[in-house]
Structure formats: structure tokens, C-alpha cells
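Subject: Structure handover

Hello,

Here is the structure I said I would pass on. Please have it open while you read the notes below it.

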Amino acid sequence: MSDEHAIIRTTDVVKTFQLGNQPLEVLKGISLTIVAGRYVSIMGPSGSGKSTLFNMIGGLDKPTSGKVFIDEVDIAQLDAYELAWLRCRKIGYIFQTFNLIPVMTALENVTLPMTFAGTGSDEAMERGMELLKTVGLADRHDHKPSELSGGQQQRVAVARALANGPAIVLADEPTGNLDLSTGEEIINLLKQMSADRGVTIISATHDFKMLNVSDEVIWIRDGLIDKIEQRDELKISIGTIE
Amino acid sequence: MEKLVALPFTKSVEIAYKSIRARFFRSLITTLSLVLAVAFLCYVQAGNNIAEGILQNGDPAGLQALVRAGFDVEEGDTVIGDTAKQRWIVLLSLLVCVVGIINAQLMAVTERFREIGTMKCLGALDRFILRLFLLEATIQGLLGSLTGALIGLLFAVFSATLVFGSLVFSSLPVKNLAMTMLAATAVGCLLSLIGVVYPAVRAARMEPVEAMRVEE
């Protein structure tokens, strides 16, 4: 894989929701390219359409018009099987509300995607423990989500997102339900994963702590791309704010 | 790489079992109406079986006791079937039971929207979700109907003993009673499955985004 390989590409993505008789255009034509291996933040106020864009990129929702390519594959062309396979193998999801399966232990949560991917039970256990070790929760592997703190739950979620060695990790407001320092821990963890494993990390957020670690920031406003800033430009603009 | 997502059968049984255990109280409520309906079905049928046993025993005292207990029998009869009234009441109770199960399962599915959405994001196919719910219903149905059948049988024997005394035990139709229990259990499992089909299909068809949007 070359450095400039586009892992995600969208062309003129429009998404319209029907609110009663009133069509509401949430995304008004978004074209962007995300290069593999980078840490990208999608920033924008709530209601700007960033969660919607995020869902499109993750293959969780289909655009009204326009195309989304993941690894140069148009996701609109995929059937249910292929879409499930994509979600299972290529993409790892991290949610604001953690979304661990409440009836399963931390380890079972991490190994569930491996089971879907057809990994044998022993191998899954082994890799699951390894992942829990990397997020620093190996000793809590037998605990249910309700017995873990928010930060710990999110760490388990990070481990789960990495279960099948995805090319992309999508994080939707990963720090939204966490306090400042725990949020920072999660951000650092994500950054470290991106550096160690070369995973492309895309996070929708309005947490400014994210800016420090991002290679690229996409600002969304009113369903359109406001600006895209690279890391070096970012330092300057933050410098002027501070 | 083959584009395959899988959920082995043993694994799905394990998940379904854990899910029931973790939500024991909710499962208990879902199952309780089934226990009652199956107990009633088994009670009625077993009562007839026992009466039939006494009849086939050929003892004149037995025949008299049956007539006194309100059974419409004459000398020479060998079978006692359900009366129309019994059939109606049993049918109604089963109907109420199915409605109760559908209601309880719809609630249970709604509670688990987020979990379902998450599983789909992790790569679960519609049929994985469907299979999990059907398995849960089967396990609940099996346990619930077995319990119900046992309760119904015990009550039938108990109340028959009150009416006929020791006659019951000298002519207990063990084979027929076993068949009745088996049939009642099968009916119970079927009801449990019928009750879960609509909620489970609804859950399985849901788009992940939709499922995640639900507030808890």
C-alpha cells in the first residue's frame, strides 16, 4: 500500500431526510478523499451533518445521491453480505455511548467480531487477551461492561474495534461521554494505535483535544465542507487562537 | 480472502443462553404465561387420560365414580375425548398466551435495539440476529413448557385423587400421560416460537443506524 492510497473517497454526497412533508437536506454535496494511515478528525457544531457524514463513510447509511468509495469500492453496489463483511473486517467502530454488549464480558465483547469473521475460539481468546493487554485491561477481561468505568468501557470498545485488524477505525464522538483526562487517554490510545498499526482513524468530534493529534481536520458547516486543514496549518491556527 | 461472515451454531446457542441468564427476570415473565397456558393444557388432557384409565380398567365402581364426577360415559365405552367446552377454553388460553408472549418479546426487542445495532455494526447478518432470538425463544419455550407440563400433570393427578381416591393409582395410564406431556411441551415450544417471530424479524431487519439512534 502506498502512502497516498485513498482509503475513503466521497463524491458529491447528498443526504436528505424526510421530516413530515418537509425534505431536510443534511449533507449538501460533500466530496473528500481520506488517505490511508492518517488520523482524521471531522469537526463541526452539532446539527452540521457530521454524524450523518460519518455514517455514510462507515457504510451504515446510504447517500441520497453521490457515491462513497471505501478502498475504491462503491458501497452502494454491495449486497447485505458484502456490507456485513466490510463492517466486520475492514472497519472498526467506536461509539460515543461505548455500545458494548451488556450481557458479555470484556473479553467476549472483543472476540465477538472475530467470531463473525470465522476465527476459531482459541485463537480469538488469545488475540482478544492481547488486545485487552494493549489497552491496559487484561486483568479486567472477565468483567461485564456494567462493572467497568466509562473510560474502561471505551478502552474495551477500542480493543473491539481493532479485533479483526481493520483498515479504518471510525470513532463517533469517542470522548463525548468521558471526562477531560479519560477523554485524553482515549485520544492518546487511538493515536498510538494509528501509529503502531497504520490504521486510518476517522473521528467525528467537537472535542478540541482531538486537534492536537490529528493529521488532518475536516471542518463541516451546514452540510458542506467549510475547510480542510493539514497538520502544519493547524498548528498555526491553534497558535493564533491561544 | 473469501467474503464470509459466520456465526457458528454452538456459539449462537451460547450467546442465546447467556442472554437469557443475564436477563433472567425478563425471561421469567415472558415464560410465565407460557408455563400457565401449557400447565392448563396438560391439566385438562391428563385429567381425561386418567379418567380414561379408570374406564378401561373395567371396574364397575370406577364407572360409577366417573359418572358421579360428571363424565358422560356408559358401559362399553373405552375412550374419553375432550369436550367442546374444554377445547374452547384451552384454545382461548393458548391464544391469550401467544398474545402475551408477542407483547413481552416486543418489549424485550425494543430494549435491545442498541445491542442489535451494535452487533450489525460488528458484521452480524440479519439472520444471525433472527437466529439468536429464535434460539432464545426455543430455550425459553422448552424450559417453560416442561415446567408447565409437569405442573399440569401433578395437578391433574392430585385433583383426580381427590375425586376418585386410590382408583387413580391402580389404573394410571403412564404411557398416555407421557404422550400428553410431550404433546403439551411441543405445543408450548411452538407457541413460544410463534410469539417471537414478528418481534425477531422486526429486530433483524433494522438498519444499524436506526437501531443506534434509539435513546436508552
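Helices (H or I, at least four residues) and strands (E, at least two) are DSSP runs, numbered from the N terminus. This is a predicted model, in which local features need pLDDT of at least 70 and side-chain atom pairs count only at pLDDT 80 or more, while totals for chains, interfaces and linings use all residues. Residues are numbered from 1 along each chain as its sequence is written, and chains are lettered from A and ligands numbered from 1 in the order in which they are written.

Two loop residues of chain A

A:E72 sits in the loop between β4 (65-70) and β5 (73-74) of chain A. Its phi is near 65 degrees, a positive value in a residue other than glycine. A:E72 has 10 other C-beta atoms within 10 Å and is therefore exposed. The cut-offs are 20 or more other C-beta atoms within 10 Å for buried, 12 or fewer for exposed, and partly exposed in between, with C-beta atoms placed from the backbone.

A:D222 is not a glycine either, yet has a positive phi of about 50 degrees. A:D222 is found in the loop between β9 (216-221) and β10 (224-230) of chain A. A:D222 counts as partly exposed because it has 14 C-beta neighbours inside 10 Å.

A helix pair in chain A

In chain A, helix α5 (residues 150-161) packs against helix α6 (residues 180-197) at an angle of about 15 degrees, with the axes 10 Å apart. Axes are lines fitted to C-alpha atoms, for helices over the stretch in contact, and angles run from 0 to 180 degrees between N-to-C directions. α5(A) and α6(A) are therefore roughly parallel to each other (under 35 degrees; over 145 is roughly antiparallel, 65 to 115 roughly perpendicular, the rest oblique). Residues of α5(A), including A:Q154 and A:V158, meet residues of α6(A), among them A:I186 and A:L189; contact requires C-beta atoms, placed from the backbone, within 7 Å.

Contact between the chains involves 20 residues of chain B and 21 residues of chain A. On the chain B side, α1 (9-22), α5 (113-121) and α9 (208-213) each supply at least two residues.

Regards

Conventions
Two residues are in contact if their C-beta atoms, placed from the backbone, lie within 7 Å.
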